[in-house]
Amino acid sequence: MPRTSKQNQQIRIATQERLLTSAFKQFAEQGYAHTSMRKIAAEAGMTAGLLYHYFDNKEALLYAVFEKGMGTLSSALVRAMQTPQPDEKLR
């Protein structure tokens, strides 16, 4: 039975998340200059070709990692500021 469009979308999202997680880890451990797209793909258990299907180049991938990180940070700050004592939550 073929997958539905919803299942395909879920797979795309999961794959992209796995690539972003791998990229974050590689950038943190090796630095941007010493990290290759091939290393990121291998870390994610994928081929470099599939990685390039999701991201045009290493710079685009770096920006996506930053966007994800900023979104996570922003959400955490909003949640902290909505608590009765936000200064304690931020510490």
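A residue is termed buried when its relative accessible area is under 20%, exposed when over 50% and partly exposed in between (1.4 Å probe, protein chains only). The model is predicted, so that local features need pLDDT of at least 70 and side-chain atom pairs count only at pLDDT 80 or more, whereas totals for chains, interfaces and linings use all residues. Residues are numbered from 1 along each chain as its sequence is written, and side-chain values use heavy atoms, with hydrogens and water left out.

Thr15 counts as buried because its relative accessibility is 10%. Thr15 lies in helix α1, helices being DSSP runs (H or I, at least four residues) numbered from the N terminus. Apart from neighbours within four places in sequence, Thr15 is in contact (heavy atoms within 4.5 Å) with Met46, Leu50 and Tyr54.

Helix α1 (residues 5-30) packs against helix α2 (residues 37-44) at an angle of about 125°, and their axes are 8 Å apart. Axes are lines fitted to C-alpha atoms, for helices over the stretch in contact, and angles run from 0 to 180 degrees between N-to-C directions. The angle makes α1 oblique to α2; angles under 35 degrees count as roughly parallel, over 145 as roughly antiparallel, 65 to 115 as roughly perpendicular and the rest as oblique. Arg18, Leu19, Ser22, Ala23, Lys25, Gln26, Phe27 and Gln30 of α1 and Lys39, Ile40, Glu43 and Ala44 of α2 make the contact. By class, this contact has five nonpolar, three polar and four charged residues.

Two residues of this contact are described further. Gln26, in helix α1, counts as buried because its relative accessibility is 8%. Leaving aside neighbours within four places in sequence, Gln26 is in contact with Gly31, Thr35, Lys39, Ile40 and Glu43. Ala44, in helix α2, likewise counts as buried, at 7% relative accessibility. Not counting residues up to four places away in sequence, Ala44 touches Arg18, Leu19 and Ser22. The C-alpha atoms of Ala44 and Val78 are separated by 31 Å, the two residues being 34 residues apart along the chain.

The largest nonpolar core has 16 residues, of which Leu51, Phe55 and Leu61 touch the most other members. Such a core is a set of buried Ala, Val, Leu, Ile, Met, Phe, Trp, Tyr and Cys residues joined through side-chain atoms within 4.5 Å. At least two residues of this core come from each of α1, α2, α3 (48-54) and α4 (58-81). Leu61 touches Leu20, Ala23, Met37, Ile40, Leu51 and Phe55, residues up to four places away in sequence not being counted.

How values were computed:
Ala, Val, Leu, Ile, Met, Phe, Trp, Tyr, Cys and Pro count as nonpolar, Asp, Glu, Lys and Arg as charged, and the others, Gly among them, as polar.
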